[in-house]
Amino acid sequence: MPNNDGYYVKAPTINDIHDQTLIKYFEDWVGRKVIILVSSFPFVFIGVIAEVIDDFVVVDVETTSISQLEDREWFIHIHDIEVFYIDEGEGPRIPDLKDGD
Amino acid sequence: MKRCYHVVAIPIRIVLNNFGDYNPNGMMYVLKENEHKVRELVKKHPFTPVDLVQPLVIRANEGDEVEILFENQLPFATGMNFQEADYDVQTSDGANVGVNENTLVDCGEQTLYQINAYHQGVYFFSDLGNPASSDQGSNINGLFGALFVQARGSSWTDPIKGGCIESGMYADIHHPFLPSFREYAWIFHDEMPTVDLTGNKPLDPVTNQERESTHAINYRYEPLENRKKLIDEGVVCPDCDGEEVHHDSWVFGDPASPILRGYVGDPATIRIVHGGVKETHAFHYHVHQWFDDPTNQDSEIFDAQAISPQTWYDIKPFYGLGSLQGAIGDAIVHCHLYPHFAVGMWGINRIFDTLQDGNQCYPNGVSIDALQPLPDRPRPPSPTKERPGFPNFIPGKVGCKAPRPPLGIVGGRGLTELEKNAAVRNPRPGAVFADPCAVADAPVVKEFNISVIQLPLIYNRQGWNDPKGRIFVKDEDIEDVCAGRKEPEPLIIHMTAGTCIRINFTNRLPHVADGDVFQLVTRTYEVGMHIHFVKFDVLVNDGANVGWNYDSSVLPGETIRYEYFADVELKAWFFHDHLFANYHQQHGMFGSGVVHPRFAKLLDSCSGEEVDSGTQVTATQPLIPDYRDLTLMVHDFAFLYDKDGCPLNPPKFPSSPDDPGLFGVNYKCEPLQFRLNTPECDPAYSFSSFVNGDPVTPILHCYKGDSLRIRLLQGAQEESHSFNIHGLRWKSERPDVESRFDSQQHIVISESYTFETYAKNSGDYLWTFETEEDLWNGLWGLIRAYDEEVNFLIPLPDQVAPPKRTQPLPECTGSPPAPPSVIESAAPPNAPLKRFEIVAFQIPILYSNFGERDPFGIVFALEEDMNDILKGRKDPEPLIIRANVGDEVEVHLTSFLNFNQFPYLDGIWPYPPVKEQAFYPPSVRISLHPQLIDYDVKTSSGETVGFNPDQTAGPNETVTYRWYVDTPVGTCGMWDMTDIRNHRSLGTYGAFIAEPRGTEYYDPYTLEPVNSGAQVILVNPLLPVTREFVLIMYDGARLVDKAKQLIVDPVDGILLLNEIDPDLVDTYDNGSRGFNYRTERLINRYTKRAVLKDLFSSNVHGDPSTPLLEAYKGDPITIRLLNPSERRRAHGFHIHSHYWNSDDTDLTSQVRSFSPEIVTGFTADLRIHYGAGSFYNLSGDYMYRSGNIRWDLEQGMWGIMRVYDALQAHLPPLEK
């Protein structure tokens, strides 16, 4: 179908497929530990994937850059994720990080 | 919008404080509407500060046109030269430069200046009609001011009365879309001629000598010496000594110096401006932090900042007044250079928690001026009897020392009812009226037990020592340190971000410090631990005694408990005593805390055991690369004796602040005079561990490839230093990957820097405080990167383990090392190769058209030019070579130095002088050390350092270096490292410019391709054709005049000097100066024609001898600015009506028209906005110059950039 500018766009677009793959991937690993880097403050999240809502990953965050923002659920838009790693059980373990340990 | 001001320059008596110290010959700019009023008020109050006598501050918005009707009522021609502004130099330069129209104004005359403000910030203005640095100059007497340019759409009101204001140092700034904020002008100035109430020169009541010269803010200062007289006479505080109550309003009432008032949480900007003539000051603001560059949120966090003459910064404290923790009370703001602080360069930021409507009083009955709340902030609560607000809940006694804080002192008192009402919910020692640790939920608490003790400190193997060292030390280390089992070093404590820090601080110092040749007896009976950066309650936890706060120090034998919060990963935070710092800080009373990333562990680098203190540790962290952490704390005014008990560089009288003593780094020094252990006593091997052994100064041990964090701080006391690491580089703004690379950093006391870098190659890297006097007296050491395992250094856990040791570690042999057998290149195999055949030889250098010359000059030159230079067909100039990114550079350097052609063959170099003169004969070897580019330090650093091979060339010998231009680092200094005493003053420096890939260089006059030279045209297929001008700002030159008499600058060049004070200059002020082996000393022009207003005029005097930078209007211009020379006095740099990004690699960096704090190793790349002629591309002569009226401008540190509008026969246009 044509868009507002009259151009025909094939749906789903490659970006839709890309997003859907990421969404599916996070959905598959709900309950696993994840480390996510984003470009804006607070830059890093470590926690357990609680659920995926639309294209937001909900992470029960154990660790981020400052303690005031921890121990709460963060809704992270998938487009904002620069780098992530999910502890799938076979690769390196994501460390448990506690102040003062 | 057009704004119009009528400004008059008038003579005015400036009373600097309530004790009646005054400048009878002051000068100021004032709005015409205030002129009559201010004159009348001064007439009526000849010994009292008059509010209207203040530096003129006017305001405009970005985009405004500002029209100044300027009228001169001073008895010489003056003007207003605006920095940062766009204007036509023919009408509005406020100067008489080159062949421009004269825009100065004669006495009684008027003119109209029109300037445009195209970026926000401080548009400093001052006079250039009378550039004398002596007491008869205009700037030194107060003829300066500022235009503050706000965001477009701003308005401003009076903070006391509300309503619009036309001028004034304090204003509340409002904007339709942005938060309102308090704006405070903080204009440092120095050296103002001052007499006391009786007309005499002010005396120090302790020494009975003249006190330190005036260091003031906004025409006010509050010297310790005045206040101490009231104690000595029994008027106030009879049990006090002096310095410990210098800032105490309970004793003396408020100071005459600025009090910046606001409510807790108010957004604020302090616009610090240096209107003075000489010193680089250190701005420090208790409790608060800010971005180095307020336009760049990735820039470094500061809480102390150096500022050199005619420069400025905007200080925007994070979280508003009182910072994150909402601290109420008095936060002192001061120059941290301690002699300046003592003589009165301080004020207070007063943070109220209750509404001030004009009906309240301070505890001494003085009425508190009203303070309008900012319109978009919550209105502060009105004071009540139960909750009177700061400072009226504090149970102090007027005329006596401030009370001790509740709860803090072990065995001390609890809270009064009024204190309880003002306290936080959970008051505890160190956190009574603000609770910084409550910022986080249940943060980790880290407790340290720290004491201050006195003990002898041995600085080097020759036995230089401070018998009365005073240091911070952990309680558990006291016994080992005092017994000699543990080496004393500055206390560096470590913690991670998010830690609540608790300190149990004990005063173990003697009540009285004995007198000696350096200092008179002083009752240093109380001491505190004042901290920087971390969050704390300023009322009870400042480790200081300020304003109406408590005195948070302790007596001998007492312990006080402090609490702080490290909210984020910080740099190293400075701590020191704030009570008797003028007495004992230079004895070693300083330390630092380092806030590492969360989850970091700190390990002893030898044993691997966990530690929480030490100057050198290893840090591991699960998410980022592990690193080695080294803290270096430099200090001056170190009161040292030799092994026989003779004082080293003692002052003329005890307790003189006139640069006594020597230097230390981490309580050590390795003077070069003791490192001449070759048979020839050749200075070329002074840094060699083969010849002289390792230095006693810190050696950072690491393995090749290790990440490094170098923490740089200055612990005492007054002077600038220039830190350099040879062979390493770092991002200038650590959090910002877009910032430029640096390998040098200017530093003053209390500043803190962290440099992140890594040891790419094995070998010994030299770190230095590189100005001549520092280096001579031993401020240098090594970073040693091992290529194989050693048993005293654990590998970084996240690095590949180093290979097992196969070769024994090198040892001192007493003989110079051999040259390297192979010179490895850092470049990839197919990199384009550029070869430079360079020679070093002696040749007289003509420095000016007035016949000033260096008869013993040493120059680097391309071999192909040597003959022409020797035959006089080509003028000597500093060697400037270029290569492009991706190029490999091979340098063959040959020495043609002849021992007999040095000026001082007996090995004693008398001028320019250094402290602690000693035998150091001239070296005939030579080397060439480059900054910033990539090379192996073992072969190509251009110096013989540590256990590296020899990299110097003797007479008729050639040494080879291989460098790689791996990234566009722009300007790199190059200099000789064989003999810093006998060579540098004679010109052994140059520059290497790393240009973008694909650049070609052409002579701007012949358009022929060139491979050296200060001025070239750069042609690059992807970039605009650009004129490049390299300006090497040098100092410390040794010149003679036409009559072959030694020129003793700066004294010989001072204009209008009536009497010569023998203590006028410091060692590091000596020497001649200018740009590119050229100088244009104004004294020559004045002698020829004694008219001040014509001094910069080419119409009268012809063009100056300094480089003439020629361009057509609109030509793209890059200025490569550097200082590879030697003196410790920092310079500023400015070009009239042109500006640039402060960081050329970061387009969001602040735009400004100056480069600050220029000392040895400084480099900058100034890409001029809009090209030659600035925004309007106007033709004319634009002066480039130092900002130091004292003593740069007079001594020849200025020149002209000439912008043409019509084609000139000698200057081909750029091909577009």
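Buried means under 20% relative accessible area, exposed over 50%, and partly exposed in between, with a 1.4 Å probe and protein chains only. This is a predicted model: local features need pLDDT of at least 70, side-chain atom pairs count only at pLDDT 80 or more, and totals for chains, interfaces and linings use all residues. Residues are numbered from 1 along each chain as its sequence is written, chains are lettered from A and ligands numbered from 1 in the order in which they are written, and side-chain values use heavy atoms, with hydrogens and water left out.

Select B:Cys237 and B:Cys240. They form a disulfide (a pair of cysteine sulfur atoms within 2.5 Å), with 2.0 Å between the sulfurs. B:Cys237 is buried, at 2% relative accessibility. B:Cys240 is buried too, at 7%.

Next, select B:Cys437 and B:Cys500. Here the sulfur atoms of the disulfide are 2.2 Å apart. The S-S torsion is about 90 degrees, so this disulfide is right-handed. B:Cys437 sits in the loop between α6 (417-422) and β23 (444-458) of chain B, and B:Cys500 in strand β26 (residues 499-507) of chain B, so the bond ties together parts 63 residues apart in sequence. Helices (H or I, at least four residues) and strands (E, at least two) are DSSP runs, numbered from the N terminus. Both cysteines of this pair are buried.

Now zoom out. How many disulfides does the structure hold over all chains? Two. Counting bonded cysteines along chain B, the pattern is 1-2, 3-4.

Go on to B:Cys606. It is in no disulfide, and the nearest cysteine sulfur, that of B:Cys702, is 15 Å away. B:Cys606 is partly exposed, at 44% relative accessible area.

Finish at B:Cys972. It is buried, with a relative accessible area of 0%.
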